[in-house]
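Biologist: Before we discuss any part of this chain, could you put the sequence and the coordinates on the screen? I would like to go through the model by question and answer.

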Amino acid sequence: MAFTLFRGIQTRPLLPYSSAFTARKHVIFCSMQSTQTETSMKTKQQAPSNFTETARAKAVEKVLKDYEAIIGIETHVQLSTTTKAFCSCAYNYGSQPNSCVCPVCMGLPGALPVLNSKVIEYAVMLGLALNCKLSLSSKFDRKQYFYPDLPKGYQISQFDIPIASNGFIDVDLPLEFGGGHRRFGITRVHMEEDAGKLLHTGSGSFSQVDLNRAGVPLLEIVSEPDMRTGIEAAEYAAELQRVVRYLGVSNGNMQEGSLRCDVNVSIRPIGQLEFGTKVEIKNLNSFSAMSRAIDFEIARQAELYNQGQADEVVQETRLWEEGAQKTVTMRKKEGLADYRYFPEPDLPEVVLTEEYVNGIRESLPELPEMKRRRYEEMGLTMQDVLFLANDVNVAEFFDATIAKVADIKLAANWIMGDIAAYMKNEKLSINEIKLSPQELSELIASIKSGTISGKIGKEILLELMAKGGTVKGLIEEKDLVQIVDPVEIEKIVDKVIANNPKQLEQYRGGKTKLQGFFAGQVMKESKGKANPGLVNKILIEKLNAKS
């Protein structure tokens, strides 16, 4: 029996089995001028003027006194492989339409798929990161459905034997939403290929098909229906984004379609065990939109229940209209039977060796949850922890900084304060600023040792972020060493007091707040180099001295 070996991945032909084949059903084909085109045009509408975040929050809070929301999410992660899943075509976001295609991804007759082994590696990495049980033997299946951007008429996916299943992910909720830890179950992780993309015209009279994305490798992550609020769902999705970025398997950019979430929402009366009818929501382009769409759908379904029209909640796919801030019907939801799954005959079974899996397990980086717990043990607040661990690049910068300096809290404060503000204003990532972790460590050490003042430190920091250089070099070049000699500071204080007799008289007359004025003048005279502690001590002695 022929087989192929990819660094521990063994593939072998599948044995056919009759139970996987199901009878074909009658299918109605719709024109491309569809509901999807019409609803996409409606997104330009403006939100109702009486709609506010507070009003929605209050409406949902009222609903959840009588009903419980049940929320599950299907997340598609586009993998950052060099080539597509089953052919040698490269995929680059933003390329000219239909410029990254070949006979395989175009679904031309006689073209056969060849598995990209990197897809398997990334699938195993994500499965392990999500605490899943891996299937050492899995297979590919054909998911049949007709759509203009699916040229083969089927999608290569996985059905009954996904590569990973029965996992979980731990999430820390933001403090502004009550904080706390949540654990959400992962039903499965499976591999599949992406479809192309339809480009709808403004008039809706026709649509164009771009097949660049066809065949791009995806991992679909299906959650358990464990979420109960829009915030929990949004934080779950945000944590998945962090995980794939930490692993390096995807850039996770929602605006590029690298991470796409379809949310299933249903409600049930408090105390009822049976789930209600679930509705799928698509077109969610941000975590904020996800939270708002779920809140709207919960309120919509509850209103139907309250009006005695629970049967009007039907299993369907709805689109989120950002402009109108509401969900609208897209299409009735297909069932499993409609997809007519059967084993993919052109691809062999995938068999993983224990040695291969263990090798990947040992190579996994520190993941967001592990990093947050480590930061907590350092004594950082949860606010600090959530900020620093949110972005893998920020976390790496912080870790590199504290490897050289002992004051962990001070390092966190600099990154979360001045550095974060600079990045926001300049629209830069932490990898794009000129400051290195080593120089931030040196800057903090220089302030703590008294070599420079905190004020001078902020000035040096700005120059390092904008132009680069070294802390020692800038201190020497600009003569920024802090003045710590009491005699020298006393001379400056005497000069300032002598130059401001009117303010001195007012101070000694009871206006003691003028001490701040004198301190400012001393710092100005010393060009910010005088040690603030010594300045205040000497200044108080001089101001309160008997004339």
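This is a predicted model: local features need pLDDT of at least 70, side-chain atom pairs count only at pLDDT 80 or more; totals for chains, interfaces and linings use all residues.

Biologist: How many helices and strands does the protein chain have, and what share of its residues is buried?

Modeller: The protein chain holds 18 helices and 18 strands. Of the contacts with a separation of 6 or more, 72% are between residues 24 or more positions apart. The chain exposes about 27,200 Å², of which carbon and sulfur atoms supply 53%. As for burial, of the 547 residues in the chain the buried share is 48%.

Biologist: Which strands stand at the edges of the open sheet of nine strands?

Modeller: The open sheet has mixed pairing, and its order reads β4-β8-β9-β12-β3-β13-β14-β15-β16. A strand at either edge has a single partner strand, so one side of it is left without a neighbour in the sheet, and this applies to β4 (133-134) and β16 (326-332).

Biologist: Which residue of β8 stands opposite lysine 133?

Modeller: Strand β4 is joined by two bridges to β8 (residues 164-172), and the two run antiparallel. The residue that stands opposite lysine 133 in β8 is serine 165.

Biologist: What angle does the direction of helix α4 make with that of β8?

Modeller: Helix α4 (residues 230-247) packs on the sheet, where it touches β3 (67-78), β8, β9 (181-193), β12 (217-223) and β13 (259-269). Its direction and that of β8 make an angle of about 110°.

Biologist: How many of the twelve residues of β3 are buried, and which residue in β13 is the bridge partner of isoleucine 71?

Modeller: Strand β3 is largely enclosed by the rest of the structure, because eleven of its twelve residues are buried. It pairs with β12 in the antiparallel sense over five bridges, and eleven bridges join it to β13, again running antiparallel. In β12, glutamate 220 is the bridge partner of histidine 76, while in β13 the partner of isoleucine 71 is valine 265.

Biologist: Is isoleucine 71 buried or exposed, and how far is it in space from lysine 278?

Modeller: Isoleucine 71 lies in strand β3 and counts as buried, because its relative accessibility is 0%. Leaving out residues up to four places away in sequence, its contacts include Glu224, Pro225, Ala233, Val263 and Ile294. Although isoleucine 71 and lysine 278 are 207 residues apart in sequence, their C-alpha atoms are separated in space by 8.7 Å.

Biologist: Is isoleucine 270 buried or exposed, and how far apart in space are its C-alpha and that of aspartate 66?

Modeller: Isoleucine 270 is found in the loop between β13 and β14 (279-282), and at 52% relative accessibility it counts as exposed. Apart from residues up to four places away in sequence, isoleucine 270 touches Leu64, Lys65, Asp66, Tyr67 and Glu68. Isoleucine 270 and aspartate 66 are 204 residues apart in sequence, and their C-alpha atoms are apart in space by 5.7 Å.

Biologist: What is the angle between the planes of phenylalanine 184 and tyrosine 236?

Modeller: Phenylalanine 184 in strand β9 and tyrosine 236 in helix α4 are 52 residues apart, and their pair links distant parts of the chain. Both residues are buried. They form an edge-to-face pair with a distance of 6.0 Å centre to centre and, between the planes, an angle of 85°.

Biologist: Over which ring does the charged end of lysine 143 sit?

Modeller: Ring pairs link Tyr145, Phe159, Tyr339 and Tyr341 into a cluster. Elsewhere, the charged end of lysine 152 sits over the ring of tyrosine 154, 5.5 Å from its centre. For lysine 143, the charged end is 4.4 Å from the centre of the ring over which it sits, that of tyrosine 339.

Conventions: Residues are numbered from 1 along each chain as its sequence is written. Side-chain values use heavy atoms; hydrogens and water are left out. Two strands pair if DSSP finds at least two bridges between them. Helices (H or I, at least four residues) and strands (E, at least two) are DSSP runs, numbered from the N terminus. Contact means heavy atoms within 4.5 Å. Axes are lines fitted to C-alpha atoms, for helices over the stretch in contact, and angles run from 0 to 180 degrees between N-to-C directions. Rings of Phe, Tyr and Trp (its six-membered ring) pair if their centres lie within 6.5 Å; planes under 30 degrees apart count as stacked, over 60 as edge-to-face and the rest as tilted. Buried means under 20% relative accessible area, exposed over 50%, partly exposed in between (1.4 Å probe, protein chains only). A charge sits over a ring if NZ of Lys or CZ of Arg is within 6 Å of the ring centre and within 35 degrees of the ring normal. Accessible areas come from the Shrake-Rupley method with a 1.4 Å probe; for residues, only the protein chains shown count as cover.
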